[in-house]
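Here is a quick tour of a few spots worth a look. Have the viewer open as you read.

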Amino acid sequence: MLVDFGKSNYFQKAIQQPEKVKQVLSKIKTDGLNPTLKAVQSKLEEPIVLGYSSAGEVIGIGDGVKGFTCGDRVVCNGPHSEVVNVPENLVAKIPDGVKYEHATFTVVGAIALQGIRLIQPTFGEAIVVTGLGLIGLITVQILKANGCRVIGLDFDSDKIELAKSFGVEAYDASKIDVINLIEDLTNGVGVDGILITASSKSNEVISQSAKICRQRGRIVLVGVIGLDINRSDFYKKEITFQVSCSYGPGRYNTNYEEKGFDYPIGFVRWTEQRNFEAILSAISDKRINVDSLITEKVALEEYAKIYSELDKKGSIASIINYEPNDLDESRSVVLQGNDFSKSKGVIGVIGSGNFTRAMILPTLKKIGANIKYIASSGGLSGTNLAKKYGIGISTSDMEIIFNDSDVDAVVITTRHNHHSTHVIKALEAGKHVFVEKPLAIKLEDLNDIEGLYNKSNRSLTVGFNRRFSPFARHAKELISVDDQPINVIATMNAGFISMDHWVHDLEVGGGRIIGEACHYIDLISFLTESEVVSVVMNAQGVTPQMDTDNASILLRYKNGSQGVINYFSNGNKGYPKERIEIFERQKNIIIDNFRKISFYGYRAKNQKITQDKGHLEQFRQWNEMIIQGGEEIIPFSSIVNTAKSTVACLESLKKRKWVDVE
């Protein structure tokens, strides 16, 4: 699927993902054509790692990891790469006597096993497996080992014969009437369950499965098929239908997969990792024969031989072998040997995520910034961006950026919980710092940064780009806060983000108020020319949580101005994302999504432009400052006030009262 999608042109990609086309059209309406095209192109250029079933040797262990030592032979869901970095709950030790090439079947075997666990077969039950590909052929063997009568269906004669060698009653579904066959084999009762391990866009598979199932039978989908279900087929028999999720309990759970929190075995017997161990045990005891599933073995350098023939008839499983070469322990790749020793304003970028790819690097390239490094945790995304933007060195070792005397400034775009650590290291190394918002997610980290900055002779800038947008600057020129305070209302139609996204994790992302609402506190502070003295925040719900993304914030400023921030995630995507309303001296200015500005009571013409949120002007001024010197583009006192105000918002929610900003 991924390879075919990658080879498709834009039109073919659109046909394959009609739901994404609707999102693009909606974004064009709200943000405009050019920003939308840039976002789409950036997303399509993002590299996707292939493969998820590997076996190898442990060469390093992270802090807090238990049960593994260097030299252990293990399996994991790591991609096709010589070196992979995987969480401890997605790794299992290989028993003695099991070859690496056999152990590589563990993760795909766990997919088969999880489907079987969901269908809950008992000894003697008749189970149909539709689709005798790699997962299907592992599935039939596990079912046989479980004491089931197994009936396999496929169209490939070679796979059918292989299934028969495992003791399976296998048939060519293209040459028989499957419904009549199952009636004959089960004396008209129907089978107890169907495991669908096939890949098809047709709805015929699900319809046929319902018809061959017995009263109150079970159907579990492991593969990908059309799901236009005929209600009457399921209604009359009270058939249970379920979709299996990958390797087992824990899949896509951040606490389990990324943070290493295991489920107690007394309550969740079979997790992802324990399913891995069960498959390895079955391979070791010869209850599963994987050797006969290997179609070919190729060296890593010959990967294209496999990926160019994925639809080859008769192919089941291909093994990619890695030569036991000495590992290059360098964590950097030199792509261009440019000499920066005499250059000014040399930059190291830390972070290679979506925003770096879509906005920061294109903007830095446009202004001609001198970028020597890009650092990424995994290496692949950073190297890909380095090649695209002509960056000299891609690295996964941030320390070389801090220690390089050529580097004058560091741009930090990592996950929010790492911002404060990287800022402190950069300041200690004597570098200018640009960090994407937020500056910190905890008050103690903010205090540490403030203390270090006061001892430093380097600048610290946070990516509050909206104050640099042409409309915000135009509004600032027209309004006056000298004779009386002003009111500013900022409304953010933020859009829904799933609650399992890292930004909602208070320890990682800090929540969306900390991570994003700070933009509008800074913008209102810019427009009012003042600092916040106290805040109060109310959030949606009877007992709102601290990770809320539906909240209203009221800001009281030192000069008497006030600001209101409505940060909502429950609006329609077709509605404009951002709206700023300024009230002063019986006059109004409305900034609509940074595409349109309207004036009421001013001698100024309404304007409409291509959306400009100020990123280009922000980086132009910042780059000029680190090269030529001069005042910081955002006063540090304002940055700290915004950060403390944002933290105070959550404190206000917790205490249900106004909170002073010290």
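Let's start with Gln120, which is exposed, with a relative accessible area of 59%. Keep in mind that this is a predicted model. Gln120 sits in the loop between α6 (106-119) and β4 (126-130), and its phi is near 50°, a positive value in a residue other than glycine. Most residues other than glycine have a negative phi, and most peptide bonds are trans.

Asn593 also has a positive phi, about 60°, and isn't a glycine either. You'll find Asn593 in the loop between β24 (587-592) and β25 (596-600). Is Asn593 buried or exposed? Buried, because its relative accessibility is 1%, under the 20% cut-off.

Then there's a cis peptide bond, running from Lys437 to Pro438 with omega near 0°. Pro438 lies in the loop between β17 (432-435) and α19 (443-455).

## A buried glutamate

Glu272 belongs to helix α13 (residues 272-284). Glu272 is buried but has no salt bridge. Which side chain of opposite charge is nearest to Glu272? That would be Arg251, 4.3 Å away, while a salt bridge has to be within 4 Å.

Leaving out residues up to four places away in sequence, Glu272 touches Leu90, Tyr247, Gly248, Pro249, Gly250, Arg251, Tyr256 and Glu257.

## A nonpolar patch

Met1, Leu2 and Ile48 make a nonpolar surface patch of about 370 Å². Met1 is in the segment before α1 (2-7) and counts as exposed, at 80% relative accessibility.

Technical notes: Residues numbered from 1 in each chain as written. Predicted model: local features only at pLDDT ≥ 70, side-chain atom pairs only at ≥ 80, totals over all residues. Heavy atoms only, no water. Helix = DSSP H or I, 4+ residues; strand = E, 2+ residues; numbered from the N terminus. Buried < 20%, exposed > 50% of the residue type's maximum accessible area, 1.4 Å probe, protein only. Lys, Arg positive; Asp, Glu negative; His and termini not counted. Contact = heavy atoms within 4.5 Å. Patch = residues over 30% accessible without salt bridge, like charges linked within 9 Å, V, L, I, M, F, W, Y side chains within 5 Å. Areas by Shrake-Rupley, 256 points an atom, 1.4 Å probe, with all protein chains shown as cover.
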